[in-house]
Amino acid sequence: MKGVVLRRPGQKTSADFRDHQPALSCPEIYRSVELQDDHFHDQCGVFAVYGHPEAAKITQLGLYSLQHRGQESAGIAVSDGSFLAHHKGMGHANEVFSAEVLNSLPGHIAIGHTRYSTSGETDLRNAQPLTVSCQKGQVALAHNGNLVNAPAIRRELEARGDIFQTTSDTEVILHYFARSKQTGIPESLADALDRVQGAYSLVALFKESVYGVRDPRGFRPLCLGRLGDAYVLASETCAFDLINASYIRDVEPGEMMILDRRGITSLRFSPPAQPAHCVFEHVYFSRPDSLVFGRSVQASREQLGRLLAREHPAEADIVVPVPDSGVPAAIGFAEESGIPLKIGLIRNHYVGRTFIEPSQASRDLGVKLKLNPVRSLIEGRRVVLVDDSIIRGTTSRKIVRLVRDAGATEVHMRISCPPTVSPCFYGIDTPTRQELIASTHSVEAIRKYIEADTLGYLSLEGLRRAVGDHDGRYCLACYTSSYPTTIQEPLITIRHRD
Ligand code: AMP
Ligand code: SF4
């Protein structure tokens, strides 16, 4: 290790810190990014509370609000000041935590996690918080993000004889924490973080404290709030609203925040790096009622829609959002264009992730289960359909057909971000590059495929303007292929060298 030095904000250090990887924008590397290893690939939400008598119950409420960030497993770990206990399960927060389970989790400190993983990795083993006992005591860790060098350092640790209990990238942090030669918790944690690269917004629970940590580039959000005498941390501020907590500030990139009986202690474990906040949080992933990276998601999305209307106007009678994520951009599009907004597609919120189709099922049953057009609004009208993104193109194609079948005379598709050409390695579940339709098709070819009359994507400049990115603070890699860190194998599987 190159000597990790913890410092309070403002305290100057330099030489002891890790050298940071320069931004990567080289086509030779990203052309070879074809297949993501499912083992290191998930979306998550994290929550923590310090100093509340019903910490587990508050955490469950927090997880409810963060459910959109991951629906496959949920977990809570608590401490009563002397002992850590936890419960994890597959499913939503309300299914995993009955009143009986919550009552069995006593304590005034807690962390929680909600997770979505790709197929093959849905087992309980990988549910978080991950909990271990080591020479530094009991620790529970919950992680949002993805460590790009986890496969390499895991191989290295396994070669030394370490045994892993999960296939999650998060576990490497615990291994380095446990084997750190440092004795204090903050120093050991900083020691571990010195080894990892990529995206991590972490909450860590110890017997008497909670830690909130954000990677030096601040890929994923993490914010601090106050609830009476207690402090809370959450991926998004919508979790604060439900429990009547007030937002204080974001955990800064490169900051380690300690919540304990002394209040809040803020340490820096890394010097500031060029920020790389995930722009997709504003485009699609976060809830519109959240503040993310200090900005209203709703306001960003409406502005995306306004700029989209300026860049790609349409001659049409109504603007119809693809619910739910297309709604704010459609509001902005309608406002800017003067074309009335109509809720012409109704979403069924009760459809789960899996559905057994009857043998005579229609080709479009999947999408019809989720969305139904309002024929009385659509019939005989020229429709602008507004959605946040086209990923594989299959949903958009079905939705366009649905709207035409409901009697639309023209369908003009408008997308509130640029074409998605590259996969994410920082904790958003996206398909491989080959499956991203925009990586292999022109806009005109996509228009033909989805069978729209016209198709318009927001420009990169429009996207940056809408989220207030005047100084390159955002990661835009899914639209530019310019990744802010190196991406190591086997996150990258070289399939094509042409
Ligand atoms: P597709 O058929 O693959 O083009 O799906 C496009 C739809 O997926 C859009 O309606 C988006 O709102 C939604 N979407 C965009 N990104 C994601 C994501 N990372 N995970 C799940 N759905 C997404
Ligand atoms: Fe966000 Fe895309 Fe960057 Fe991933 S690659 S962090 S989804 S902007």
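1. In this predicted model, Val132 stands opposite Val139, a residue of strand β6. The two strands concerned, β5 and β6 (residues 137–144), pair in the antiparallel sense over five bridges.

2. This pairing belongs to an open sheet of six strands, whose order is β5-β6-β7-β8-β12-β13 and whose pairing is antiparallel. Because β5 (130–134) and β13 (263–268) stand at the edges with a single partner strand each, one side of each is left without a neighbour in the sheet. On average, and with direction ignored, neighbouring strands of this sheet are turned by 20 degrees against each other.

3. Helix α6, which spans residues 171–179, lies across β5, β6 and β7 (201–206), and α6 runs at about 15 degrees to β5.

4. Around ligand 1 there are 16 residues, of which Asp387, Asp388, Ile391, Arg392 and Thr395 come nearest. By class, this shell divides into five nonpolar, seven polar and four charged residues. Helices α9 (280–285) and α14 (394–405) each supply at least two residues of the shell, and the largest share, three residues, comes from α14.

5. Backbone atoms also approach ligand 1: an oxygen atom of the ligand is 2.7 Å from a polar backbone atom of Ile391, an oxygen atom is 2.8 Å from a polar backbone atom of Gly393, and a backbone N or O atom of Thr395 lies 2.5 Å from an oxygen atom of the ligand. Of the 500 Å² of accessible area that ligand 1 has on its own, the protein covers 81%.

6. The shell around ligand 2 has nine nonpolar residues, no polar residues and one charged residue; among the residues around ligand 2 are Arg220, Phe280, Tyr426 and the cysteines Cys278, Cys424, Cys475 and Cys478.

Definitions and conventions:
Residues numbered from 1 in each chain as written. Chains lettered and ligands numbered in written order. Predicted model: local features only at pLDDT ≥ 70, side-chain atom pairs only at ≥ 80, totals over all residues. Heavy atoms only, no water. Pairing = 2+ DSSP bridges. Helix = DSSP H or I, 4+ residues; strand = E, 2+ residues; numbered from the N terminus. Axes fitted to C-alpha atoms, helices over the stretch in contact; angles between N-to-C directions. Contact = heavy atoms within 4.5 Å. Near = heavy atom within 4 Å. Nonpolar A, V, L, I, M, F, W, Y, C, P; charged D, E, K, R; others polar. Polar contact = N/O pair within 3.5 Å; in protein donor to acceptor, adjacent residues only side chain to side chain. Areas by Shrake-Rupley, 256 points an atom, 1.4 Å probe, with all protein chains shown as cover.
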